[in-house]
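The sequence and structure are shown first, and the description follows.

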Amino acid sequence: MARVLARLTGHAARRWGDYLAPLRRLLPEDRHQEFNYGLIDLGALVCRPRNPRCWECPLRDLCAYYQRAVGEEACARRLEEAYAEVLRP
């Protein structure tokens with residue numbers, strides 16, 4: 001899940017624990033198990049460590065990594081700025 005969040009937001013955390021507070025804020029109040037398993041599946045099947053399948057990703061329009069890959073640097077920067085607010089402790 002850390003890889004997915006790092007790519008999505010453009011912010012790599014030094015420790016896994018740095019993602020816990022933002023993840024807690026993103027969790028829906030109900031069906032949190034489905035949310036967690038969805039992130040795990042996304043990381044295993046689509047947002048893979050090598051050769052990610054960005055074209056299959058349902059989050060590609062919200063992903064800083066994808067925007068950089070397609071050459072949309074300005075969009076990637078705007079996304080990173082927006083996510084910085086969410087990731088702030």
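Glu 80 is found in helix α5, where helices are DSSP runs of H or I with at least four residues, and strands are runs of E with at least two, numbered from the N terminus. The model is a predicted one, in which local features need pLDDT of at least 70 and side-chain atom pairs count only at pLDDT 80 or more, while totals for chains, interfaces and linings use all residues. Residues are numbered from 1 along each chain as its sequence is written, and side-chain values use heavy atoms, with hydrogens and water left out.

Glu 80 is buried, with a relative accessible area of 15%; buried means under 20% relative accessible area, exposed over 50%, and partly exposed in between, for a 1.4 Å probe and protein chains only. Leaving aside residues up to four places away in sequence, Glu 80 touches Thr 9, Gly 10, His 11, Ala 64 and Arg 68, a contact being heavy atoms within 4.5 Å.

Side chains of opposite charge can pair when their charged atoms come close. A salt bridge is taken here as a side-chain nitrogen of Lys or Arg within 4 Å of a carboxyl oxygen of Asp or Glu. By this rule the count comes to 3 salt bridges, listed below.

| Salt bridge | Closest N and O atoms |
|---|---|
| Glu 80 and Arg 68 | 2.4 Å apart |
| Arg 68 and Glu 73 | 2.8 Å apart |
| Arg 31 and Glu 34 | 3.9 Å apart |

The salt bridge between Glu 80 and Arg 68 has its closest N and O atoms 2.4 Å apart. This pair links distant parts of the chain, with Glu 80 in helix α5 (residues 73-87) and Arg 68 in helix α4 (residues 64-69), 12 residues apart. Arg 68, Glu 73 and Glu 80 are linked in a network of salt bridges.

Glu 34 is partly exposed, at 46%.

Rolling a probe the size of a water molecule over the atoms shows where empty space is left. On a 1 Å grid over the protein atoms alone, a cavity is a set of points where a 1.4 Å probe fits but cannot get out, and a pocket is an open set with protein on both sides within 12 Å along at least five of seven lines; lining residues have an atom within 4 Å of a point. Grid points are joined across faces, edges and corners, and a volume is the space filled by probe spheres set on the points.

The count comes to 1 cavity of 30 Å³ or more. The largest cavity has a volume of about 120 Å³ and is lined by 15 residues, of which Arg 7, Cys 47, Cys 54, Cys 57 and Cys 63 lie nearest its centre. Two or more lining residues come from each of α1 (2-9), α3 (32-46) and α4. The lining has 12 nonpolar, no polar and 3 charged residues, where Ala, Val, Leu, Ile, Met, Phe, Trp, Tyr, Cys and Pro count as nonpolar, Asp, Glu, Lys and Arg as charged, and the others, Gly among them, as polar.

The largest pocket has a volume of about 200 Å³. Among its 13 lining residues, Leu 5, Leu 8, Thr 9, Leu 26 and Tyr 83 lie nearest its centre. The largest share of this lining, 4 residues, comes from α1. By class, the lining of the largest pocket has 12 nonpolar, 1 polar and no charged residues.
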